[in-house]
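Today I'm going through a fold by eye and jotting down what I look up.

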Amino acid sequence: MLKNSDQVMPTPGNNGLRLRQATANDLDRIMDLEHQGFAAGHREARSAYAQRVGTFPQGSLMAWLGADCVGCVFSEIWRYAPQPDAAHFTLGHDICERHDPAQGTELYISSMTLAPSVRGLGLGAPLLQGCMAHVAQAFPGVTSVLLLVNANWTAARRIYAGAGFEEIARFDRFFDANGAAPEHGLVMRRPIAL
Ligand SMILES: CC(C)(COP(=O)(O)OP(=O)(O)OC[C@H]1O[C@@H](n2cnc3c(N)ncnc32)[C@H](O)[C@@H]1OP(=O)(O)O)[C@@H](O)C(=O)NCCC(=O)NCCS
């Protein structure tokens, strides 16, 4: 439940979606969303999310619609690398490996999920834009945004393309879940301000 003392950020547009920084108390909900959003083999561990929430609360955001917690988005601030390699994006990596808010200039969106009950309502873009706006305000040194998306995740790709992200690298067979055909990963980037 949202408390009156919670600091809540609106997202762009008139959609009612609001963001609040995640805390350790949100980990059960985060893992519910992770299971609803990603197939086995694509999921990240509770310990990885606990590290993210503890290390970078400003970039670990829960999304609320009315009285319901309906999504979450996670990010890190990295030092800029023109062509990041696949090792940067290992599933379940420790945020402390690259998170450097003092010297980093690139926001890396590590995960974004909405509950199935609110998908298809156009809330994906405001969730992403809300995260970028919130971090940009808190960390004015950030100049660009980076993410990796599975080439088969159509809704996510439409959101990123619509938000001005451009493909800068492709990792063949990056997503190699047990038992499923390997899927390609696309690295995309845009300036934080367009
Ligand atoms: C990615 C996610 C947050 C997007 O939210 P959503 O509510 O499904 O999507 P939206 O309603 O915001 O629509 C986004 C775009 O995708 C399109 N879209 C939505 N579902 C689609 C589907 N099943 N097939 C094709 N296109 C789809 C919409 O038409 C829209 O495109 P447009 O802006 O060009 O019209 C949500 O699908 C999700 O949580 N998925 C599971 C986890 C995931 O893939 N996360 C992203 C990678 S980290």
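Which residue in β4 is the bridge partner of Leu61? I looked it up, and the partner is Val73.

**Ground rules.** I'm working from a predicted model, where local features need pLDDT of at least 70 and side-chain atom pairs count only at pLDDT 80 or more, while totals for chains, interfaces and linings use all residues. Residues are numbered from 1 along each chain as its sequence is written. My helices (H or I, at least four residues) and strands (E, at least two) are DSSP runs, numbered from the N terminus.

**Sheet.** I traced an open sheet of eight strands with mixed pairing, in the order β1-β2-β3-β4-β5-β6-β8-β7. Two strands pair if DSSP finds at least two bridges between them. At the edges I have β1 (8-10) and β7 (166-175), each pairing on one side only. Neighbouring strands are turned by 30° against each other on average, direction ignored. For angles I use axes that are lines fitted to C-alpha atoms, for helices over the stretch in contact, and the angles run from 0 to 180 degrees between N-to-C directions.

**Strand by strand.** I started with β1 and β2 (residues 17-21), which run antiparallel and are joined by three bridges. Val8 has Arg20 in β2 as its bridge partner. Next, β2 is joined to β3 (residues 60-65) by five bridges, again antiparallel. Here I found Arg18 opposite Trp64 in β3. Then β3 and β4 pair in the antiparallel sense over six bridges. These two strands form a hairpin with two residues between them, and Gly66 in the turn has a positive phi of about 60°. A reminder to myself: in a regular strand the side chains alternate between the two faces of the sheet.

**First helix pair.** How far apart are the axes of α1 and α2? I get 10 Å, with α1 (residues 27-37) and α2 (residues 46-55) packing at an angle of about 125°. So α1 and α2 are oblique to each other; on this scale, angles under 35 degrees count as roughly parallel, over 145 as roughly antiparallel, 65 to 115 as roughly perpendicular and the rest as oblique. In the contact, Leu27, Ile30 and Met31 of α1 meet Arg46, Tyr49 and Ala50 of α2; contact here has C-beta atoms, placed from the backbone, within 7 Å. By class I have five nonpolar, no polar and one charged residues there.

The axes of α3 and α4 come within 9 Å and cross at roughly 55°. α3 and α4 are therefore oblique to each other as well. Gly124, Ala125 and Leu128 in α3 meet Ala155, Ile159 and Gly162 in α4. I sort that contact into four nonpolar, two polar and no charged residues.

**Ligand shell.** Which residues are closest to the ligand? Of the 21 that surround it, the closest are Gly37, Arg119, Gly124, Ala155 and Ala156; a residue is near if its C-beta atom, placed from the backbone, lies within 6 Å. The elements giving two or more residues to this shell are β5 (106-114), α3 (124-138) and α4 (154-162). I noted α4 as giving the most, with six residues. The shell divides into eleven nonpolar, eight polar and two charged residues.

Note on methods. Two residues are in contact if their C-beta atoms, placed from the backbone, lie within 7 Å. Ala, Val, Leu, Ile, Met, Phe, Trp, Tyr, Cys and Pro count as nonpolar, Asp, Glu, Lys and Arg as charged, and the others, Gly among them, as polar.
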